[in-house]
Amino acid sequence: MTSPTTPAEAVRTSTIAEQALRRRTFAVISHPDAGKSTLTEALALYASAITDAGVTHGKSSRHGTVSDWMGMERERGISISSAALQLEYRGTVLNLVDTPGHADFSEDTYRVLAAVDCAVMLIDAAKGFEPQTVKLLEVCKQRGLPIVTVINKWDRPGLDALELIDQIGERTEMVPVPLTWPVGTAGHFEGLLDVRADVSLALESVGGGALPAIETVVEQADLRPDSSAVWDAAHEELGLVRSSNGEFDAAEFTAARQTPVLFAAAARNFGVRQLVDMLVEVGPPPSPRVAANGVRRPVEADFSGFVFKVQAGQNTAHRDHIAYLRICSGVFERGMVITNARTGRPFATKYAHRVLGREREALEQAWPGDVVGLVNATSLRVGDSLYQEEAVTFPEIPHFSPELFVAVRAKDPGRYKQFRRGIEQLDHEGVIQVLRSELRGDQSPVLAAVGQLQFEVAEQRMRTEFNAPVSLESLSYTLARRVTTTAPASTLPETFRGGEILRRSDGEHIAVFGDRWKLGHFTEANPQVSLEVIGAG
Ligand code: G4P
């Protein structure tokens with residue numbers, strides 16, 4: 001970026017820098033049932049939801065902040081959409097990008113992590129690290145994302161606090177530094193030691209969690225002898241951890257070498273204020289994004305962003321496509337014409353929205369860190385970079401290693417044209433990965449996914465949107481590897497015992513296997529074929 005040449009330009013860049021500085025864009029990563037929805041609702045109690053430019057809603061309802069908009073979503077009570085919830089707290093804008101939160105994982109869950117500057121890892125105090133948390137943690141680590149750890153449900157019996165700290169250290173390979181420490185064992189949550197504020201707080205739930213918790217500063221001297229033992233024990237444990245793990249250091253946190261740890265009971269709003277305060281005070285704001293050519297694009301540069309999710313089919317009557325864009329630099333103004341770096345084509349942003357659950361509203365302006373929903377964006381794909389003046393291409397969002405595979409076929413062979421168009425569209429949008437081979441032909445490609453839900457969405461959209469009902473046949477593969485051999489593709493075996501080699505639409509060859517042993521046999525029998533783990537696999 002060139003330096004500002006006029007006073008007006010100087011004002012523009014300093015406004016963008018200021019706006020970027022007051023934004024925190026993050027996602028909550030957790031295993032289903034750890035309390036993500038409850039925490040989201042609790043956050044919305046402290047911070048107000050922003051509904052249109054600059055105007056905030058009252059801190060009213062605890063419920064209803066979590067998005068649910070597809071019929072399937074409502075029926076099954078799961079959240080498929082990755083809308084962003086925008087909250088304002090103490091002059092800071094919090095963009096909470098929703099990660100679909102069901103056992104039915106999807107690639108969207110991973111992709112959201114490309115669009116945030118920090119992750120809040122929510123752990124159930126009784127369960128510790130669960131499989132989905134571990135998978136998401138892995139992706140965060142590959143991206144070098146700073147992670148705040150929140151141990152939830154401390155009001156219920158659970159593991160020992162020191163044991164949890166050890167687990168966090170081992171699993172994250174980061175140094176856990178407590179910012180709060182619970183007073184009372186899990187199940188007896190009496191209060192918190194707030195390290196940053198250097199106070200001891202007694203906590204009291206109000207209206208069954210309908211209102212923020214009451215916090216009362218506790219002076220050790222005022223405690224009755226019977227309760228002072230609990231507080232002493234908490235001080236002692238915290239002292240132990242602080243002396244072995246050191247103090248919180250913002251730079252170490254941003255570099256993902258330290259993970260600050262907070263204890264909470266989201267259902268009672270215990271420890272939630274401390275979380276939102278720490279996000280505001282030490283959470284990372286948007287920083288210059290490194291483009292694919294290695295050049296860092298400052299947040300004050302002219303507008304740029306990338307699409308991290310495309311959603312379609314919420315409203316079959318309107319053939320609705322929404323592309324979610326994370327802004328990396330500059331100011332976004334509705335109506336501006338931006339360029340798609342992949343196609344070189346202009347894109348008019350007349351229908352820019354802030355999307356919250358099923359609600360949508362026109363959005364006039366947005367800043368680095370914000371998420372914008374572009375409606376009717378049929379030409380946009382996941383990973384597309386968009387810019388206003390100075391061209392930029394951001395790095396691709398990686399493919400994730402699929403674990404589920406089905407062969408797909410048109411139920412009605414007469415609708416083959418619609419079938420082909422639909423499958424191509426779903427592939428472009430990144431709803432599922434499409435893998436093909438000579439042997440299987442175009443009539444029956446393989447769909448690959450990280451979660452069953454992706455197939456259900458694909459099946460539903462093929463039926464309702466492309467008018468080409470499909471049948472899906474499960475394949476007994478569970479593992480995929482990218483073929484990195486430079487030898488001509490014709491020399492690769494197409495099938496072998498317990499697996500086959502397929503071609504992804506970006507031209508990469510992907511070998512799929514029934515299990516680790518089949519993979520082992522294959523590598524032994526085919527030493528000339530080199531394989532590589534895919535993305536976050
Ligand atoms: P998720 O989005 O991560 O899947 O979890 P969700 O918030 O839906 O919470 C899962 C369950 O855990 C809910 O109970 C919720 O009330 C409970 N929960 C969340 N946070 C806490 C907490 O801090 N303490 C306690 N004790 N429970 C918590 P449920 O029985 O499934 O639903 P509900 O009837 O309570 O709504």
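## Strand pairing

Strand 17 (residues 321–329) and strand 24 run antiparallel and are joined by five bridges. Strands here are DSSP runs (E, at least two residues), and helices are runs of H or I with at least four residues, both numbered from the N terminus. Two strands pair if DSSP finds at least two bridges between them. R326 stands opposite V371 in strand 24.

Strand 24 covers residues 371–375 and is mostly covered, with four of its five residues buried. Buried means 20 or more other C-beta atoms within 10 Å of the residue's own, with C-beta atoms placed from the backbone.

## Basis of the model

This is a predicted model: local features need pLDDT of at least 70, side-chain atom pairs count only at pLDDT 80 or more, and totals for chains, interfaces and linings use all residues. Residues are numbered from 1 along each chain as its sequence is written.

## Domains

The protein chain divides into domain 1 (26–81 + 91–282), domain 2 (289–387) and domain 3 (404–532). These bounds come from an automatic or database domain assignment. The centres of domain 2 and domain 3, taken over C-alpha atoms, are 29 Å apart.

Six residues of domain 2 contact six of domain 3. Contact requires C-beta atoms, placed from the backbone, within 7 Å. On the domain 2 side that touches domain 3, three residues are nonpolar, two polar and one charged. Nonpolar covers Ala, Val, Leu, Ile, Met, Phe, Trp, Tyr, Cys and Pro; charged covers Asp, Glu, Lys and Arg; the others, Gly among them, are polar.

## Ligand shell

The ligand is surrounded by 16 residues, the closest being G35, K36, S37, T38 and A267. Helix 2 (residues 36–46) gives the largest share of the shell, three residues. By class, the shell has five nonpolar, six polar and five charged residues.

Conventions:
Two residues are in contact if their C-beta atoms, placed from the backbone, lie within 7 Å. A residue is buried if 20 or more other C-beta atoms lie within 10 Å of its own, exposed if 12 or fewer, and partly exposed in between; C-beta atoms are placed from the backbone. A residue is near a molecule or strand if its C-beta atom, placed from the backbone, lies within 6 Å of it.
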